[in-house]
Amino acid sequence: MTALDKKPVLEVTNLTVAIAGGGDRANAIEGVTLSVMPGEIVCVVGESGSGKSVTSQAVMALLPKGQLSIVSGSIKLEGDELTTKSQAQMRAVRGMRAAMVFQEPMTALNPVERCGDQIEEVLEIHTDLDAKGRRARVLDVMRSVHLPDPEQMIDAYPHQLSGGQRQRVMIAMALVLDPALLIADEPTTALDVTTQAQILKLVREMQVRRNTGVLFITHDFGVVSEIADRVVVMQKGRIVEQGTKAEILGAPREAYTRMLIGAVPSLVPPDRAPVAGAVTLETVKLNKTYGARTLFKPAGRVVKAASDVSFQIRRGETLGIVGESGSGKSTVARCIARLVDPTSGRIDLDGVDIARMSERKLRPFRKNVQIVFQDPYRSLNPRRNVGQSIIEGPMNFGLSLDEAMTRARDLMGLVGLSPDALDRFPHQFSGGQRQRIAIARALAMEPVLLIGDEPVSALDVSVQAQVLQLLDAVRKKFDLAVLFITHDLRVAAQICDRIAVMQRGVVVETGRTVDVFANPQHEYTRALFSAAPGQGFGNRIGAGEVQKVPAL
Amino acid sequence: MFAFIIRRLIATIPVMLVVAVFVFLMLRLTPSDPAAIIAGDNATAEQVADIRGKLGLNEPILTQFFIWGAKTLRGDLGESFFFKKTVAELISDRIEPTLSLSFFTIVLAVLVAVPLGVLAAKKHGSWIDRIVMGFSVLGFSVPVFVVGYSLIYIFASELRWFPTTGYKRLHDGAGNWAYYLILPTLTLSVVYIALIARMTRTSMLEVLSEDYVRTARAKGQIERKVLFRHALRNAAVPIVTVIGLGIALLIGGVVVTESVYSIPGLGRLTVEAVLARDFPVIQAVILMFSFVYVLINLLVDLVYSILDPRIRY
């Protein structure tokens, strides 16, 4: 694909971007050199804080003013130096010759403006087309990104579209003027796997049809193996290594790259022995319906978030619920923790039905079910120190301050943090450490059932592996029943004894993880598995690799 | 949307009913006897009793309420004790100055405050931002009458650019009408400029860090349009809320401003009525302002749904 006679679309040479006032380091990126050829997809991979997004923002001259600034190096777009251009000159470049697609299509589109108008805006800025010509062009590009019924969708607002459709609108907006360079900053991270597969296919199709050079930023090696021509690996603001996809994924030279690749969980589950403990949790025909019809809204929409969900979890067993967003997996978890009230059905916890218990009667049972949430940045109260967060629950259940503090100190050690850190505040910890704290907080209640609601989805792969390992370790140590909610099949494959696949509120398939992965029965399960990016990737590394990653 | 408006209008009925009960009871629960007030200081007991009979004050209280309610619904607000005119006449005489003053105040406040707030948010942390915020604190804390007398002193007494006090009716010429309203409008709008500018700044600051603002810049959009087309409309809901509240609270400011500038409007009528214990007038004014308040609330809700398509009723 990379013919030598062609000139690169993008050439970044020795680029250094300084952080004003200095954070944990003086420069956000240092000495970054990379290039993108026409019709080539270059993936930049790295963990959070590696500087991959800063690189893309520098190219677009969208660095946050006063915080980050280019101090040296050059950025050439089709041979044209960008670093010396004024903002006014850069405006003519942005949207016209270089365009960008962002991670979260819900927030990246203006919620109060029609989709068609937002695409049309690019034409208003950069072309002399009249209203009729612009509309025709918008409909054209909407068709080319396979948006259904463009005549209708042109007048729709972003909230009326699905996540995948929104991202298609973003891509249409970026490509409407056929830019030479497309920068895609984690464009599929916020999407479900099946949608992700479609969007990746679309990016590939567009890039081939229009010969666009694509700088594709991602943290997901599955995506890299799916889409990249060449790969650039970044760590702490520097490029660690770069090369063709085969070179980087097949034979990485640097230890860091090997570690990153090694930390990606395999899609092949290890063969875990069946768990024979007593049944801790059993749900029977659990239902949760939102938006009942009322007197004033007889035609109100009724959403069955969970319908007839029945499963069991034994002591010492991890049951995974996998499914896409809106499948009802979080609803089920919240019903079991009685954070939302189920509409009907039974939730037997150690033989006691808690589904319809009054709040007062439920109180003593509350400690038995604990949750670790997805986003460790928002699930800990920023104004209370870690110790206060951990001891609050046990003290509510009658422990004295001394006893609770002793327990908190023990647990901090158990989750791999220093007990001396109890008087520090959440912002002083990294994401992975915060998730460890969240686990300690949950364990402090001595629960019998631990629910993880996407507990590793917000974490980098290397950290993800460590937290998964910790979760598995505490399950063994305390003989806990674990309900593990995830959309990530790789994670599910590695940590779950059994999995339940949910679609639109219904459990379509359950079984031992090995069996479901090896021989999925339901059509939806098969579709879900085949959409997972990078099918072959990482599997030869084999099961159990997770355990080899050193803890903090 | 239409169904929503109808539903909301119907919902105003119980609200107005509650207001009406309070307004009605206000007159009956005061220690002073309205009949005695009307009769005057030198009246005999027979005269007072006679007036009581005429006013229907000897009927059971529930009957009185229904009689009063029915009259009010017909637009008969009774007769002023003090001015010896019907209340309806009084109000229609006095409403023009107040409406004019309120209208100019809100228009001026919005026209000045919103761009100021946007500018302050855009130049967040700069001296412009600090000046706007400094002015805002000042605007909140200086009482309306101080602003009023200061403006009169500078622009009317010293510079002689504007008349010190008074009001000219619209049908006597729009030029003079507007000219006489300039100082009162400036006076009253200070606090609203402060309030709305502050809200605009806060709301804009929040919105400016949103992803779609970055998207707009990535399209190559010029900064002015990024601010006004993309950011401001998204920031508008809290701003509109504050403007709505501002209109509802105008009455307090109107009372003071009209007194300072001797404008014969509803504000001064209210003050005079309260001082004279002119209950029919007080009742009518309260009823009217409550109704306006309810309508403004409805209007604000409608504006929400125009500004943000995600809000649907």
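Start by selecting the two sides of the chain A and chain B interface: 18 residues of chain B are in contact with 22 residues of chain A (contact: C-beta atoms, placed from the backbone, within 7 Å). The model is predicted; local features need pLDDT of at least 70 and side-chain atom pairs count only at pLDDT 80 or more, while totals for chains, interfaces and linings use all residues. Residues are numbered from 1 along each chain as its sequence is written, with chains lettered from A and ligands numbered from 1 in the order in which they are written.

On the chain B side, pick helix 9 (211-218) and helix 10 (223-260), the elements that give two or more residues to the side touching chain A (helices are DSSP runs of H or I, at least four residues, numbered from the N terminus). Helix 9 of chain B gives the most, with six residues. By class, this side of chain B has five nonpolar, five polar and eight charged residues (Ala, Val, Leu, Ile, Met, Phe, Trp, Tyr, Cys and Pro count as nonpolar, Asp, Glu, Lys and Arg as charged, the others, Gly among them, as polar).

Next, colour chain B by domain: domain 1 is 2-73 and domain 2 is 93-307, bounds that come from an automatic or database domain assignment. Between these two domains of chain B, the contact takes 12 residues from domain 1 and nine residues from domain 2. Select helix 1 (2-29) and helix 2 (34-39) of chain B, which each give two or more residues to the domain 1 side. Helix 1 of chain B gives the most there, with nine residues.
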